[in-house]
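Subject: Structure handover

Hello,

Here is the structure I said I would pass on. My notes on what was found in it follow below.

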Amino acid sequence: MSDSNITKQALANALKALMLKKTLNKISVGDIVNECKLTRQTFYYHFKDKYDLMNWIYYTETARFMDSYHTIENWTDGLVELCYYMQENKSFFSNALKTVGQNSFPEYLQNYIHDITLSVVDKMKGDKEIDSKEWAFIVDFCSIAFVGSIVRWSKNGMLEDPKDYITQMKKLVDGSMLQKLYAPDLQ
């Protein structure tokens, strides 16, 4: 691991340790650098602000769960693995899901699910022509629904096995998309 990544990881670990005790909006850059005994200058050399650090954590820790799941058969398997990882890091991700707005975990997750869902739609439709505006709505709706379910699951203590509810969501989404593709005039 390069020196830069070691420093970034130290800052990330400090933020994660602080988020075991309080939410992101109550944590300052000063708190982060004090926790890992680095300087503010070091922090700002690597990150613009604490939200940039959070995005780095999201990307480095969660992308690996979803990157290889772009097939029609297993497009939600990465979400299931991500939720298991969230259970293992419950305090951090519970606090991360409470942070709203730009650069928040829900926004990151929604964008990621949106891209995966769009990829699945492209594979499902094949050469079939579809109304892009209508499909954009469907893909947005699906990504919002998945994130909403994950947030609800988190607020309820992350007790439920994520495989159960994500499998149910996948059935609904896959069925709705297939119906729309192959019977678009049914209402």
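Helices here are DSSP runs of H or I with at least four residues, numbered from the N terminus. Read along the sequence, the protein then follows the pattern α-α-α-α-α-α-α-α-α. Please keep in mind throughout that this is a predicted model.

Overall picture

The protein has 9 helices and 0 strands. Of its 187 residues, 45% count as buried. Taking contacts between residues at least 6 apart in sequence, 67% join residues at least 24 apart.

The core

The largest nonpolar core contains 55 residues. Those with the most contacts inside this core are Leu-15, Ile-32, Leu-53, Met-54, Met-86, Phe-105 and Ile-150. At least two core residues come from each of α1, α2, α4 (50–66), α5 (77–88), α6 (90–98), α7 (105–125), α8 and α9 (162–182).

What does Phe-105 touch, not counting residues up to four places away in sequence? The list is Tyr-58, Thr-62, Leu-82, Met-86, Phe-93, Ala-96 and Leu-97. Met-86 in that list is also one of the residues with the most contacts inside the core.

Helices α1 and α2

Helix α1 covers residues 3–18 and helix α2 covers residues 29–36. They pack at an angle of about 110 degrees, and their axes are 8 Å apart. Angles of 65 to 115 degrees count as roughly perpendicular, so α1 is roughly perpendicular to α2. On the α1 side the contact is made by Ala-10, Leu-11, Ala-14, Leu-15, Ala-17 and Leu-18. On the α2 side it is made by Asp-31, Ile-32, Val-33, Glu-35 and Cys-36. By class, this contact has 9 nonpolar, no polar and 2 charged residues.

Ala-14 lies in helix α1 and counts as buried, at 4% relative accessibility. Leaving aside neighbours within four places in sequence, Ala-14 is in contact with Ile-32, Glu-35 and Cys-36. The C-alpha atoms of Ala-14 and Cys-36 are separated by 5.5 Å, although the two are 22 residues apart along the chain.

Thr-7 is also in helix α1. Is Thr-7 buried or exposed? The cut-off for buried is under 20% relative accessible area, and Thr-7 counts as buried because its relative accessibility is 18%. Apart from residues up to four places away in sequence, Thr-7 touches Leu-38, Thr-42 and His-46.

Helix α5 has 12 residues. From its first C-alpha to its last, α5 reaches 17 Å, close to the 16 Å expected at 1.5 Å a residue. Its buried residues are Gly-78, Leu-79, Val-80, Leu-82, Cys-83, Tyr-85 and Met-86.

The axes of α5 and α6 come within 5 Å and cross at roughly 110 degrees. That makes α5 roughly perpendicular to α6. Tyr-85, Met-86, Gln-87 and Glu-88 of α5 make the contact with Lys-90, Phe-93 and Leu-97 of α6. By class, the contact has 4 nonpolar, 1 polar and 2 charged residues.

Helix α8

Helix α8 (residues 132–155) has 24 residues. The span of α8 from first C-alpha to last is 34 Å, close to the 34 Å expected at 1.5 Å a residue. Buried in α8 are Trp-135, Ile-138, Val-139, Cys-142, Ser-143, Phe-146, Val-147, Ser-149, Ile-150, Val-151, Trp-153 and Ser-154. An α-helix has 3.6 residues a turn, so residues three or four places apart point the same way. Just after α8, Gly-157 takes a positive phi of about 95 degrees.

Most residues other than glycine have a negative phi. Which way does the phi of Met-158 go, positive or negative? Met-158 is not a glycine, yet has a positive phi of about 55 degrees. Met-158 sits in the loop between α8 and α9 and is buried, with a relative accessible area of 4%.

Lys-37 is not a glycine either and has a positive phi of about 60 degrees. Lys-37 is found in the loop between α2 and α3 (40–46). At 72% relative accessibility, Lys-37 counts as exposed, whereas Met-158 is buried.

Regards

Terms used: Residues numbered from 1 in each chain as written. Predicted model: local features only at pLDDT ≥ 70, side-chain atom pairs only at ≥ 80, totals over all residues. Heavy atoms only, no water. Axes fitted to C-alpha atoms, helices over the stretch in contact; angles between N-to-C directions. Parallel < 35°, antiparallel > 145°, perpendicular 65-115°, else oblique. Contact = heavy atoms within 4.5 Å. Nonpolar A, V, L, I, M, F, W, Y, C, P; charged D, E, K, R; others polar. Expected span 1.5 Å × (residues − 1). Buried < 20%, exposed > 50% of the residue type's maximum accessible area, 1.4 Å probe, protein only. Core = buried A, V, L, I, M, F, W, Y, C linked by side-chain atoms within 4.5 Å.
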